[in-house]
Amino acid sequence: MTAENTRADAVRAAADRLAGAHADGVPVEPVRDLVADVDAAYQVQETLTRRRLGEGGRLVGRKIGLTSTAVQRQLGVDSPDFGMLFADMAVPDGAEIPAGAVLQPKAEAEIALVLGSDLTHERHTVADLFRAVAYVVPAIEVVGSRIRDWDITLADTVADNASCGRYVLGATPTPLERAGDLRTAGMIMNRRGDQVSTGTGAACLGHPLNAALWLADTLVRRGRPLLAGDTVLTGALGPMVPVTAGDVLEAHIEGLGSVRAAFAREES
């Protein structure tokens, strides 16, 4: 057996392990024993993406992770990662997220961009983004891990679709030119009135548009460029917050308004 075949078998086995966790609703052991490097981990993510598309899933955007330098240092990396957003991951503002829909859920407040045109250049400029972004909205990403106890390395989270579970977009779109300075935009997230996370747009690689530029260029190289209509979650503005059934989180981002995520209580 060639090294290429061995690698393909390992990628398939890692994808099967993660798919099994999703189907069974039970977290599994890390996949880094099968895919130890980032390229192989993205092959796992692409394998799972193709399976979902083959099952009728609709790709509607991307999420950016690891935009915090502190988290990058923790995982020993120097760049963000990304995952796929599918239509069935989108939750209306304030609608309940069913119990068990996301394994080991945590939430983070973000700035989301919705594109009005494609980003297909090999190297993009900020001006390209200005032209492409139709509007900006506040968002809450509900991250989750199919890896038991969040025992993850970079390879684990990349393979697991960058740990994305669900996302909620605010209901008031703001044109980019009216959104103010996204770098200094302050964020406060509350749980039933109690403040649980704060931050600013500068947490996303210094500016949310910096994160979006990295993503646009990276996706062109990987053959899945951002297209008109896509949503881009640019990265957490503050610390992640663990959530439990029955929680209600509301995030307010300066200049963009608010967004709310509600988590259904578990059935007795």
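Visitor: Ground rule for the chat: helices (H or I, at least four residues) and strands (E, at least two) are DSSP runs, numbered from the N terminus. With that in hand, where is the place of V60?

Guide: V60 sits in strand 1. Keep in mind that this is a predicted model.

Visitor: Is V60 buried or exposed?

Guide: Buried: the cut-off is under 20% relative accessible area, and V60 comes in at 11%.

Visitor: What is V60 in contact with, leaving aside its neighbours within four places in sequence?

Guide: The contacts are L85, F86, A87, Y167, G229, D230 and T231. As for distances, 53 residues along the chain separate V60 from L113, and their C-alpha atoms are 12 Å apart.

Visitor: OK, the core. How many residues are in the largest nonpolar one?

Guide: That core has 73 residues, and V44, I111, L113, I140, M189 and L226 have the most contacts inside it. Its largest share, seven residues, is supplied by helix 6, which runs over residues 208-221.

Visitor: And what does V44 touch, not counting residues up to four places away in sequence?

Guide: V44 touches V11, A14, A15, L18, V35 and A159.

Visitor: Back to helix 6. How many of its residues are buried?

Guide: 10 of the 14, so helix 6 is mostly covered, with under 20% relative accessible area as the cut-off for buried. Among the buried ones are P208, L209, L213 and L215, plus D217 and T218.

Visitor: What covers the buried residues of helix 6?

Guide: The cover includes strand 1, strand 2, strand 5 (106-115), helix 4 (126-132) and strand 10 (231-236).

Visitor: How far apart are the end C-alpha atoms of helix 6?

Guide: They are 21 Å apart, and at 1.5 Å a residue the 14 residues should span 20 Å, which agrees. After helix 6 comes G223, with a positive phi near 85 degrees.

Visitor: Which residues other than glycine have a positive phi?

Guide: L66 is one of them, with phi near 60 degrees. N161 is another, at about 55 degrees. For background, most residues other than glycine have a negative phi.

Visitor: Where are those two, L66 and N161?

Guide: L66 is in the loop between strand 1 and helix 3 (69-75), while N161 belongs to the loop between helix 5 and strand 7. L66 counts as buried at 14% relative accessibility, and N161 is buried too, at 10%.

Visitor: What about A162, where does that lie?

Guide: A162 lies in the loop between helix 5 (154-159) and strand 7. At 3% relative accessibility, A162 counts as buried. Beyond four places in sequence, A162 touches Q45, K63, D81, F82, G83 and T157.

Visitor: Switching to pockets: what volume has the largest one?

Guide: About 630 Å³. Its lining has 29 residues, of which H22, R52, R146, N161 and C164 lie nearest the centre. Elements giving two or more residues to that lining are helix 1 (3-24), helix 2 (38-54), strand 2 (81-86) and strand 7 (164-169).

Visitor: Which gives the most to the lining of the largest pocket?

Guide: Helix 2, with five residues.

Visitor: And how do the residues of that lining divide into nonpolar, polar and charged?

Guide: The lining of the largest pocket has 10 nonpolar, 11 polar and eight charged residues.

Technical notes. Residues numbered from 1 in each chain as written. Predicted model: local features only at pLDDT ≥ 70, side-chain atom pairs only at ≥ 80, totals over all residues. Heavy atoms only, no water. Core = buried A, V, L, I, M, F, W, Y, C linked by side-chain atoms within 4.5 Å. Buried < 20%, exposed > 50% of the residue type's maximum accessible area, 1.4 Å probe, protein only. Contact = heavy atoms within 4.5 Å. 1 Å grid on protein atoms, 1.4 Å probe; cavity = no way out; pocket = protein on both sides within 12 Å on 5 of 7 lines; lining within 4 Å. Points joined across faces, edges and corners; volume = space filled by probe spheres on them. Nonpolar A, V, L, I, M, F, W, Y, C, P; charged D, E, K, R; others polar. Expected span 1.5 Å × (residues − 1).
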